[in-house]
Structures are given as structure tokens and as C-alpha cells.
Amino acid sequence: MEINKIQFKKDSSAALKDLNLKKALRNTTDRFRSARKKASEEFDELEELRNKAREIKSETIDNLDHYLEMLESNVTKAGGKIHWAKDGEEASRIIVEIALKGGVKLVVKSKSMATEEVELNHALEKAGLKAVETDLGEYIIQLANERPSHILAPAIHKSKDDISRLFSEKLNTPVYTEPEQLTKVARETLRKEFLSAEMGVSGVNFAVAETGTIAIVENEGNARLSTTVPRIHVALMGIEKVIPRFRDLPILLSVLIRSATGQKMSTYVSFITGPKRKIDKDGPEEFHLVIMDNGRSRILASEETRESLYCIRCGACLNICPVYRQVGGHSYGWVYSGPIGAIITPQLLGIEKASELPFASSLCGACKDVCPVRIDFPKVLLELRKRVVEWKAERGRGGAAGFFERLGVRAWRISMENKSLYKLLSYLSYFLQYPWLTSDGRLRSLPYPFSRWTEDRDLPAVAKTSFRKRWKEIRRI
Amino acid sequence: MSRDSREEILRRIRKGLYGSTEPKNRPTKTKENLTNQEPKEITDEFLTNKKALTVQFLEEVRKISGNADFVDSENGIKDFILRFVEERGFQFFTVWDSDLLRSLNIRNTLESRGLQYASPDDKHEMAKADIGITEADFGIANSGTIVLLANERQPRTVSLIPSIHIAILKSDKIVGNINDLFAHITNLFVGVESVDNITSCMTFITGPSRTADIELNLTLGVHGPKEIYVLVLD
């Protein structure tokens with residue numbers, strides 16, 4: 001499906017006015033943040049593990065073709081089938097074909113960003129199949145026909161009353177008041193789907209090249225059910241999800257889980273190697289692993305931004321980001337939001353579609369501080385900003401800087417280079433501010449171009465005595 | 001078609017990394033010795049003591065809303081199960097056919113008490129089971145995790161479909177942390193002759209199923225079992 005040009009500025013302005021969303025986002029990100037912080041404090045080795053995790057990822061990405069071939073060989077040896085998809089459309093097509101070939105009518109899906117990237121549910125429905133999201137948060141927003149607002153807790157913008165009404169409307173249940181009751185409804189309703197679905201689709205947290213094993217991390221149990229009960233299991237992964245050795249798993253699992261939710265261990269981790277063995281009593285008869293490119297090889301080819309592929313999708317960067325915390329996921333316009341969305345969406349969809357995203361950041365670097373694989377977000381964001389400027393220049397927009405920005409930078413340079421001019425301007429600004437100074441000593445609304453600051457924030461008043469002067473006086477004492 | 005996509009993707013990757021579309025000679029940058037670089041062990045020397053590991057394990061399971069008990073004899077296990085099943089008034093059960101459970105004769109005993117056995121071959125029968133009883137192949141002390149390896153006598157759905165799960169863990173199978181665990185199990189996955197001897201599914205289970213998707217309220221028992229009981233056998 002064609003993605004429209006992402007309008008971060010417009011959508012985030014709208015999001016800022018949504019007080020309910022803001023409250024929910026703050027609660028969610030605070031909760032995840034303090035859990036992650038607690039986990040890292042209790043776990044001294046975390047810093048060392050992060051270094052090792054980055055090493056593993058960098059070794060993998062630098063030799064990606066080698067490890068993908070190894071993965072293919074070992075999954076095949078284990079009785080699984082490998083499919084390669086150049087892009088999202090091909091990935092969807094392959095999965096639909098597997099379903100149609102297997103006489104599938106109902107598909108149960110566990111949480112997978114990759115499947116949302118390729119809009120798999122849409123493709124399945126178009127082919128006449130029913131696809132049900134089984135992760136509780138995803139199930140709720142599927143019923144509500146909405147998009148997720150947070151990578152780990154997609155329905156966080158919905159209150160329990162919203163959900164209660166939604167269930168009673170769509171599932172004909174009484175209007176419940178407690179989360180336990182609502183969860184029970186979801187459990188019973190989805191149980192029927194798990195037991196009748198012919199195919200389960202999952203994502204992949206890590207795919208081990210050495211053994212052909214995929215690892216899936218979860219808390220609810222829906223991934224286990226989706227990958228165990230139906231006859232066919234299809235797993236979709238981006239090419240960057242492969243890791244070299246079985247022994248790399250404990251390192252990556254530890255950093256993933258602690259960075260994502262602050263837990264020591266998620267409730268369930270499944271390590272799946274091929275379909276069921278012939279003599280097993282349960283488990284899927286068929287295991288398919290779809291390895292998808294969809295723009296990742298383009299990121300790979302760019303040395304400056306290649307580390308974007310190290311991402312293990314933990315969500316820690318979202319929870320720490322001062323921008324994301326305010327506006328939530330919808331403003332980023334696609335399935336990936338927060339800092340990781342700001343760097344991979346422009347690279348996967350193209351600069352033209354997402355030129356505002358590299359600027360959706362204050363470059364504070366908090367994301368780099370918490371990233372379990374130490375992605376240097378600010379470096380990548382700056383590189384992408386450079387590309388946006390170059391792209392705009394190509395299209396005759398004379399560089400990305402507008403007239404006022406260039407004028408302002410020039411004025412700044414001149415006043416900074418000339419000491420007396422600077423002193424004079426500082427002195428004068430105390431008087432010049434007078435018409436806009438409020439009774440409580442704030443500058444609430446300045447004229448253009450300063451209004452671009454004061455629209456959203458107040459500036460403090462310019463002091464009577466400059467710091468330089470006061471420092472001189474203090475030192476004399 | 002998938003063949004062409006395969007070649008195309010590999011071509012793109014090679015071009016992007018090496019500037020040429022020919023596969024590189026290996027190994028040049030692959031750190032084969034990374035496997036031998038063990039991450040620093042978190043386990044204290046003190047904790048390699050079986051008793052200490054058991055105590056830590058029990059504590060951790062309880063911390064995450066699981067139930068854990070230390071049982072000093074095989075009869076104790078049997079008594080617990082019978083009492084539990086009676087108290088709850090269960091009618092259907094399912095159980096692994098592993099060595100310990102076979103020697104404890106759990107299946108026959110429960111059937112003789114009037115309960116019906118649900119076979120993992122049949123998912124609709126399994127859906128009726130009130131309780132699933134398994135062993136645990138390993139336990140991880142610092143997280144309260146049990147490790148289950150699937151095979152023909154240890155089906156996956158026994159610990160998954162019923163709402164209540166009882167797992168019996170021998171205390172000498174408890175290791176300190178996830179690194180210790182992988183030190184023990186890697187040889188079950190790497191360098192194994194025939195894939196028939198590699199488990200199709202290894203599962204880590206840490207407490208009951210949970211979610212915080214509704215207003216961040218922690219709720220237990222979403223899709224997986226609502227309650228878990230780990231019986232640690234001396």
C-alpha cells in the first residue's frame with residue numbers, strides 16, 4: 001500500500017493537544033523507564049553485555065550474506081522451508097501463497113513489527129482469509145481499527161472503559177469494569193481462534209545461523225500458542241535479525257529483555273528449530289521462515305548509517321525520548337516510532353517520504369545512552385539531516401535552511417565575533433524586551449521569528465546585570 | 001521465483017558490504033573465538049552450592065507470582081498432586097510421559113481417581129484439560145525460570161493449553177544464571193549428528209502468563225497458564 005508523505009510536524013502538533021494520549025504516554029514511558037533503570041542498576045554486568053551485544057551485531061552485519069546462507073542451510077536441515085522476499089509485497093504474497101496452498105481459512109498472529117511493516121493482515125484479508133491478532137494490545141486495536149501508539153503497549157491510549165465498551169460492542173459481552181474481566185474475555189475469545197486456526201504467523205527476535213533456531217520472546221503466551229497449535233507456522237524476519245552462534249543468545253536475550261521491560265526474564269521464550277519432529281505428538285507440521293529485505297540492504301550499503309540495522313527492537317529509545325514521550329507513535333507516520341523510527345523510516349521508505357523525521361529530535365542523545373547495542377543515534381540523525389538538505393538542494397530549494405535561518409545564523413556569527421557589539425546588544429536587550437515583558441517577569445509572546453520559540457514555551461526575562469559583570473564583581477571580593 | 005529473490009538479496013548485500021557481488025572468502029572478520037569468550041559469570045562461588053541455588057530459585061519464582069515448593073521425596077510429589085487435584089475438583093488432566101512421571105505412575109493414579117486423561121495428539125481434548133503436569137529439564141535460579149525441552153514424551157501443549165501447570169524440577173538441575181544454562185545445553189543444539197535428536201522447541205517459562213496492555217495494570221493468565229506450581233525435588 002502506498003504510504004503518504006509523513007507529516008511529523010502537523011501530526012505531532014495535533015498529538016500535543018490530545019491530553020488523554022499525553023497522560024497515557026507519560027505513564028507508559030515512565031513505567032518502562034524506571035523498570036529499565038532498576039534492572040540496569042541491579043545488573044552490574046549490563047554495561048559489559050551491551051558492548052558484547054554490539055560486537056555480535058556488528059560482526060553479523062559486516063558478514064550478513066555469510067550468516068544468512070548458514071541460517072538457510074540449518075533451517076532446511078531441520079526440516080523447515082526458507083523463503084526470500086525482496087520487498088514487503090513479495091513477503092505478503094509468499095505468506096498468502098503458503099496459506100492458500102495449505103487450505104488455510106484462519107490465521108492467528110502474534111506480535112511482529114515486520115508483519116505490520118508489510119501490512120500482512122490486509123493481504124491475507126484480500127485473499128479471503130481471516131487474520132486475528134492475538135497479543136492483547138494488538139487485538140484491542142484491531143477490534144477498534146486503530147494504529148498502535150507504543151511498540152510494547154500498543155493500546156495504551158485506550159482506557160479500560162474504552163476497552164470495556166469496545167468489547168461489549170464487538171463481542172457482545174456485558175460492560176465490565178475490571179481489567180481481569182476484560183482479559184478473561186480476550187482469553188476465552190482468542191482460545192477458540194487458536195484452536196481452530198490452521199496457520200500461525202510470528203515474528204522472530206533472533207535467528208541463530210549456527211543451528212537454524214529462532215527465538216521468540218513474550219509474556220502472554222499467544223506466540224507459544226500461535227506457533228504450536230496450528231498445523232503451519234510461518235515466521236517473518238528482516239535480514240538483520242540473524243545472529244551467528246547459539247552461544248550469542250544469552251547475551252542478546254539478557255540485554256533485550258532488560259532494556260525493553262526491565263524484567264530479568266520475560267514470561268516465555270521459545271526456541272524453535274524447524275517443524276515438529278516426526279514422532280512428536282504436537283507442534284506444527286510445517287515451518288516456514290521468510291527472510292525479507294524491504295530496503296534493509298540499502299541501509300547496509302551506507303556505511304555511515306549501517307548501525308541502524310543493529311536494532312533489536314527493545315523500545316528503550318522510545319521510552320527515554322523527550323519527543324516521543326510528548327507525541328506518541330502516530331506522529332511518526334509508520335510502524336516504527338521514536339528515535340529508531342526517526343532513523344529507519346527515512347531509510348526504508350526514502351527521504352522524500354519522511355524528510356521531517358530526522359528533525360524530530362533535539363539530539364539530546366538519551367537514546368544512545370540507553371540503547372542496548374549502542375547505536376549512535378545522533379550521528380545517524382545528523383547524517384540523515386545532511387541527506388535531506390542535499391535532497392532539497394537538488395530539487396532547487398537552495399539548501400534546507402530558510403531565509404530567516406540563514407539571516408539569523410549570519411547575525412549570530414557577527415555578534416559573537418565582535419566583543420563590543422555583543423556587549424552592546426546584551427545591554428540593549430534588557431531595554432528592548434520591555435514591550436513584551438509580562439508582569440511576572442516572562443517573555444510569553446515575542447514577534448516573528450522569535451515567536452517560533454514563544455508559541456510553545458516562555459522565555460525568562462533578560463537580567464539587568466549580565467553574568468559577565470556579576471562574575472567580575474564576585475571575583476573582586 | 002524465491003530463488004531469484006535469494007540471488008538478488010545476496011547480491012545487494014555483497015555489493016553494499018564489499019563493493020562486489022562475489023562472495024568473500026571466510027573467515028576474515030568472523031570472530032570464531034567469540035563463542036569461547038564467556039560473559040563474566042554472575043554466579044558467586046557461594047551460589048554454586050546446590051542448596052543456595054534452590055533457595056534462590058524458590059524465592060525468584062515467588063517474586064514473579066509463581067508458586068514454588070521444596071519437596072523432599074518422590075512420594076511427597078505424588079501426595080501434593082493428588083491433594084491439589086482433589087481440592088480443585090478437576091476432571092480432566094494431561095501429563096508428560098517422562099521418566100520421573102512414569103515412575104511416579106501419575107497417569108494411572110489420577111485415572112484411578114476418576115479423572116480423564118487428555119491426549120496431546122488431540123488439541124480439542126487438550127482444551128478440556130484443567131491441569132498439565134510436566135517435569136522441568138533445568139531451572140535458572142536468578143530468574144526463577146524453568147526450561148522445558150520438547151520431544152515425543154514431552155509434548156509442548158501440556159505446559160501451555162491447560163490453565164494450571166505443575167512442573168517437577170530436580171534440585172540438581174538448577175543452575176545459577178542464563179549463561180550457566182547455555183553452557184549446559186549448547187551441546188544439545190550444536191554439533192548434533194541428526195536433527196531428529198535436536199528438540200523442535202525449547203521453552204523458558206518464568207511465572208504465569210501476564211500482560212499490562214490494559215492501562216498498565218498487571219493481569220495474570222492471559223493466554224498461557226494462569227497459575228504455575230514448581231515442585232523442587234531433593
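Author: Of the 477 residues of chain A, 50% count as buried, a residue being buried if 20 or more other C-beta atoms, placed from the backbone, lie within 10 Å of its own. The model is predicted, so that local features need pLDDT of at least 70 and side-chain atom pairs count only at pLDDT 80 or more, while totals for chains, interfaces and linings use all residues. Residues are numbered from 1 along each chain as its sequence is written, and chains are lettered from A and ligands numbered from 1 in the order in which they are written.

The secondary structure of chain A comprises 22 helices and twelve strands; helices (H or I, at least four residues) and strands (E, at least two) are DSSP runs, numbered from the N terminus. The C-alpha atoms of chain A occupy a box of roughly 90 × 55 × 50 Å along the principal axes.

The strand to examine is β10(A), residues 286-292. Six of its seven residues are buried, so β10(A) is largely enclosed by the rest of the structure.

Two strands pair if DSSP finds at least two bridges between them. One partner of β10(A) is strand β1 of chain A, residues 81-85, which pairs with β10(A) in the parallel sense over five bridges. Within this pairing, Ile291(A) of β10(A) stands opposite Trp84(A). Strand β7 of chain A, residues 232-238, also pairs with β10(A) in the parallel sense, over seven bridges. Here Phe287(A) of β10(A) is the bridge partner of His233(A).

Terms used. Buried ≥ 20, exposed ≤ 12 C-beta atoms within 10 Å, placed from the backbone.
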